[in-house]
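User: I have a structure open and want to walk through it with you. Can you take my questions as they come?

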2 protein chains.
Amino acid sequence: MQVWNDYLSQNKQRFLDELLDLLRIPSISADSQYKADVARCADAVKENLLKAGCDKAEICPTDGHPIVYAEKMVDPTAPTVLVYGHYDVQPADPLDLWHSGPFEPVIKDGKIYARGACDDKGQMFMHVKALDVMNATGTLACNVKFMIEGEEEVGSSNLGKFLAANKEKLSADIVLVSDTSMISMEHPSIETGLRGLAYMEVEVTGPNRDLHSGVYGGAVHNPINALCKMIASCHDENNHITIPGFYDKVQTLSEGERKALNDAPFDIEEYKKDLDVNDVWGEKGYTTLERTGIRPTLDVNGIWGGYTGEGAKTVLPSKAYAKISMRLVPHQNSDEIAAMFQKHFEAIAPGSVKVKVTAHHGGEPVVTPTDSIAYKAASEAIRTAFGKDPIPTRGGGSIPIIALFENILGLKTVLMGFGLDNDNIHSPNEKYDLANYYKGIETIPYFHKYFAEMCKI
Amino acid sequence: MQVWNDYLSQNKQRFLDELLDLLRIPSISADSQYKADVARCADAVKENLLKAGCDKAEICPTDGHPIVYAEKMVDPTAPTVLVYGHYDVQPADPLDLWHSGPFEPVIKDGKIYARGACDDKGQMFMHVKALDVMNATGTLACNVKFMIEGEEEVGSSNLGKFLAANKEKLSADIVLVSDTSMISMEHPSIETGLRGLAYMEVEVTGPNRDLHSGVYGGAVHNPINALCKMIASCHDENNHITIPGFYDKVQTLSEGERKALNDAPFDIEEYKKDLDVNDVWGEKGYTTLERTGIRPTLDVNGIWGGYTGEGAKTVLPSKAYAKISMRLVPHQNSDEIAAMFQKHFEAIAPGSVKVKVTAHHGGEPVVTPTDSIAYKAASEAIRTAFGKDPIPTRGGGSIPIIALFENILGLKTVLMGFGLDNDNIHSPNEKYDLANYYKGIETIPYFHKYFAEMCKI
């Protein structure tokens with residue numbers, strides 16, 4: 001619509017500056033030393049929501065970081081869109097790999113570089129600015145509610161309680177989330193599934209104290225060697241995961257569904273070049289898109305033990321540790337997989353070491369329907385803004401709370417993400433393309449328009 | 001001899017206090033921030049040697065930490081004993097596991113607790129005090145030279161050059177070293193062999209940057225998973241090391257030699273209890289004493305990669321690292337084994353990751369003769385002081401410079417150690433029993449006496 005495009009053009013710089021201000025706040029939820037910054041960021045989000053046209057906005061305290069709630073109610077008979085996003089970010093380390101400060105956003109080659117640029121401040125903020133556009137031009141077709149949390153990167157552990165306690169306030173017709181990727185600007189896509197997560201920590205204890213590796217080496221089980229052997233055994237020669245029962249509930253896709261998935265534009269050579277790897281890797285019998293979209297995984301996210309300083313220390317350590325997570329697909333269950341992992345890891349531990357397994361937060365896999373009004377509205381919005389139909393894809397990441405929306409609020413979700421896989425989310429030099437940011441602000445009002453129209457029919 | 005015992009009794013407290021003063025100096029050679037402390041410790045050793053009766057003592061600079069040289073020449077026709085020891089110590093970390101400060105020595109239950117209490121300040125200092133005893137009582141039978149270095153814990157990399165440049169100054173009939181263990185006070189023993197060492201560091205690189213484990217997990221090789229698999233594959237199901245050629249030169253002992261080795265008093269239940277392990281571990285077909293004495297090993301001394309902080313981070317890291325060392329036995333060669341390891345590790349790396357292998361310092365395995373005059377003098381000295389013959393054993397540790405003494409100075413070594421395996425050397429709460437300290441001071445003069453007598457025959 002011309003009126004939206006005009007307003008967006010006139011306010012382009014302001015829409016960027018306001019995002020940059022938000023990116024300057026180091027709202028790292030995982031690290032308690034940033035607690036005040038996280039709170040400051042919540043306030044900033046609230047102020048931005050009021051400024052964009054919300055009738056009301058509030059900071060809702062939780063046992064952890066606060067949730068920002070806001071709403072703009074235009075018509076009780078119009079459908080209501082509940083926008084979910086998060087204002088917290090991942091830790092920025094390793095800091096030395098950043099080309100510029102993670103909380104000193106810079107624009108380079110048409111990209112905003114900063115922690116949270118894409119995940120999720122940049123994507124969440126598109127909805128705030130889209131409201132601004134619709135509000136300023138008097139074109140709001142739906143009521144809008146915002147629920148922007150501050151604990152997504154640490155497992156959203158207080159969100160379930162908040163949902164259960166605020167069912168009425170959060171009543172809506174659809175949840176709209178921009179916290180995922182599309183294939184490219186040339187190949188817009190909508191993720192129709194997300195993987196779940198089971199995240200474990202293991203501690204392997206050998207002798208009761210660090211030993212001299214000369215005096216004891218060869219006769220006392222080294223817990224690092226033991227841990228490596230246990231981790232190695234979790235994949236067989238075909239890179240299948242060996243935990244008994246692990247694949248029992250994995251959804252099997254039809255040949256047609258697999259074909260559709262593999263029809264998505266994907267250049268394996270470009271992919272390898274971007275990552276600077278000579279070969280991809282993964283489960284035998286599946287393509288790269290299948291490996292990240294419809295198959296579960298087991299990755300070591302961190303490992304440590306013994307002497308890790310400069311030079312050499314001849315120690316046979318007492319303990320070794322690893323953080324190991326599994327991405328899950330429908331219909332695997334996070335708690336069940338966590339229990340399976342624990343049982344398996346304890347079972348494969350040799351008698352010469354002791355093993356302790358604990359679970360961090362998990363999340364359930366989700367599949368969003370493609371035959372719903374909301375999906376059709378999103379699809380149509382993208383077709384209008386991008387000039388082509390979006391491709392349905394399966395995302396490899398996890399947004400554990402999507403399952404909560406369905407279970408507690410009874411609401412389906414549309415994952416209308418505008419990120420790119422190479423945005424370096426969770427990594428140094430996270431970025432978000434300006435083009436994607438503005439295209440998102442352009443697309444979202446169409447979703448509201450089409451969703452309102454389709455609901456009426 | 002009564003005169004020695006009397007002098008020792010009268011000076012018992014002073015002999016202890018002077019050692020405690022030395023233990024208070026944090027002479028950590030591996031950490032450059034302690035450089036001044038290492039230098040201060042060298043000075044203290046020099047002063048102690050002069051005080052104990054040396055005619056001359058000097059600080060000999062090297063490219064690293066200095067070597068303390070001192071001598072007491074009594075008779076040009078008498079044999080000369082070259083005492084080797086080291087005044088540097090291992091790093092003290094992990095600090096939180098120490099019950100008292102590593103450089104604030106305390107006496108508890110008849111044991112001195114401090115970093116270096118046994119390895120090697122306590123053991124080296126016995127020779128200083130034994131000189132004091134012999135000098136004060138006018139009973140020196142041998143000339144004595146001291147070469148006390150400050151880089152043993154970091155590979156003695158400047159000692160070879162020092163030996164080569166000072167052959168005349170260091171001329172002697174035997175090298176006497178107390179830097180090893182005996183079985184127990186009830187079962188005195190002399191180590192007749194030491195293992196060598198090859199110490200490697202490996203870096204495994206997967207993608208060129210840290211990735212989101214959801215977006216990429218399952219399709220891009222995780223370098224930690226890859227490293228674990230590579231490390232795991234280095235031992236087969238019998239815990240044999242799988243590096244091609246690794247065992248080719250390993251000395252095979254006769255059944256008789258193996259029986260003698262296993263005749264040493266050893267209580268496997270006591271050993272397991274002391275370490276709090278349910279099972280020992282090691283190469284199939286060998287006993288614990290053989291596994292540490294005559295068989296080579298491969299131990300991971302340190303491993304790190306990915307996220308190792310609190311909580312969870314869903315990262316698929318770019319890099320993973322490990323420090324891996326191998327203890328070697330006669331007639332394995334450190335450089336050859338290092339090259340074999342490198343070749344093997346590069347060969348087993350899957351095409352989906354890149355591997356970099358570098359070598360830290362190594363050392364050669366040694367066997368000391370048991371039919372020499374020096375060994376017989378040591379054996380007789382122990383029989384006199386302890387009331388029973390020492391048992392010849394094989395030590396698992398490495399003192400790489402023993403091979404240098406033979407190759408550069410043409411000198412054999414006697415390893416007359418008074419430590420115990422449970423002294424926690426290289427570990428928190430390192431200790432040295434007062435009884436062992438004093439028994440060492442009592443025994444050493446007998447070595448000088450018998451060695452001089454036997455050389456005359």
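User: Start with E3(A). Which residues sit on one side and which on the other, and are they buried or exposed?
Analyst: One note before that: this is a predicted model. On one side of E3(A) are A:Thr80, A:Leu82, A:Tyr84 and A:His86, and on the other are A:Val81, A:Val83 and A:Gly85. All of these are buried, so both faces of the strand are covered.

User: How many of the residues in strand E3 of chain A does that make?
Analyst: Seven of its seven residues are buried. The strand spans residues 80–86.

User: Which strand joins E3(A) through seven bridges?
Analyst: That is strand E6 of chain A, residues 143–149, and the two run parallel. Within that pairing, A:Val81 stands opposite A:Val144. E3(A) is also joined to E7(A), by four bridges, again parallel. There A:Val81 stands opposite A:Ile174.

User: Now the sheet with E4, E5 and E19 in chain A. What is the strand order?
Analyst: The order is E4-E5-E19, in an open sheet with antiparallel pairing. Strand E4 (106–108) and strand E19 (431–433) are the edge strands, each pairing on one side only. From one strand to the next the twist averages 25°.

User: Which helix packs on that sheet?
Analyst: Helix H12 of chain A, residues 434–456. H12 touches E5 and E19 of chain A, and its direction makes about 60° with that of E19(A).

User: How many bridges pair E5 and E19 in chain A?
Analyst: Three bridges, in the antiparallel sense. E5(A) covers residues 111–113. A:Tyr113 stands opposite A:Lys431 in E19(A).

User: Switching to helices. Which residues of H11(A) are buried?
Analyst: A:Ile401, A:Ile402, A:Leu404 and A:Phe405, in a helix that spans 401–409. Seen down the axis of H11(A), they fall within an arc of 155°, so they line one face of the helix.

User: What rotation superposes chain B on chain A?
Analyst: A rotation of 180°, with 0.0 Å of shift along its axis and an RMSD of 0.1 Å. The two copies are thus related as by a two-fold rotation axis.

User: How many residues does each chain give to the contact?
Analyst: Chain B gives 77 residues and chain A gives 76. On the side of chain B that touches chain A, the largest share comes from E12(B), with eight residues. That side divides into 28 nonpolar, 35 polar and 14 charged residues.

User: Why say the copies meet through the same surface?
Analyst: Because 99% of the interface residues of chain B are also interface residues in chain A.

User: How many bridges join E12 of chain A to E12(B)?
Analyst: Five, and the strands run antiparallel. A:Ile303 stands opposite B:Gly305 there.

User: Last one: where is B:Gly155, and what does it contact?
Analyst: B:Gly155 lies in the loop between strand E6 (143–149) and helix H5 (159–165) of chain B. Leaving aside neighbours within four places in sequence, B:Gly155 is in contact with A:Ala312 and B:His361.

User: Is B:Gly155 buried or exposed?
Analyst: B:Gly155 is buried, because it has 21 other C-beta atoms within 10 Å and the cut-off is 20 or more.

Key. Residues are numbered from 1 along each chain as its sequence is written. Chains are lettered from A and ligands numbered from 1 in the order in which they are written. This is a predicted model: local features need pLDDT of at least 70, side-chain atom pairs count only at pLDDT 80 or more; totals for chains, interfaces and linings use all residues. Two strands pair if DSSP finds at least two bridges between them. Axes are lines fitted to C-alpha atoms, for helices over the stretch in contact, and angles run from 0 to 180 degrees between N-to-C directions. Two residues are in contact if their C-beta atoms, placed from the backbone, lie within 7 Å. A residue is buried if 20 or more other C-beta atoms lie within 10 Å of its own, exposed if 12 or fewer, and partly exposed in between; C-beta atoms are placed from the backbone. The arc is that of the directions from the helix axis to the C-beta atoms. Ala, Val, Leu, Ile, Met, Phe, Trp, Tyr, Cys and Pro count as nonpolar, Asp, Glu, Lys and Arg as charged, and the others, Gly among them, as polar. Copies are superposed by least squares on the C-alpha atoms of residues with pLDDT of at least 70 in both.
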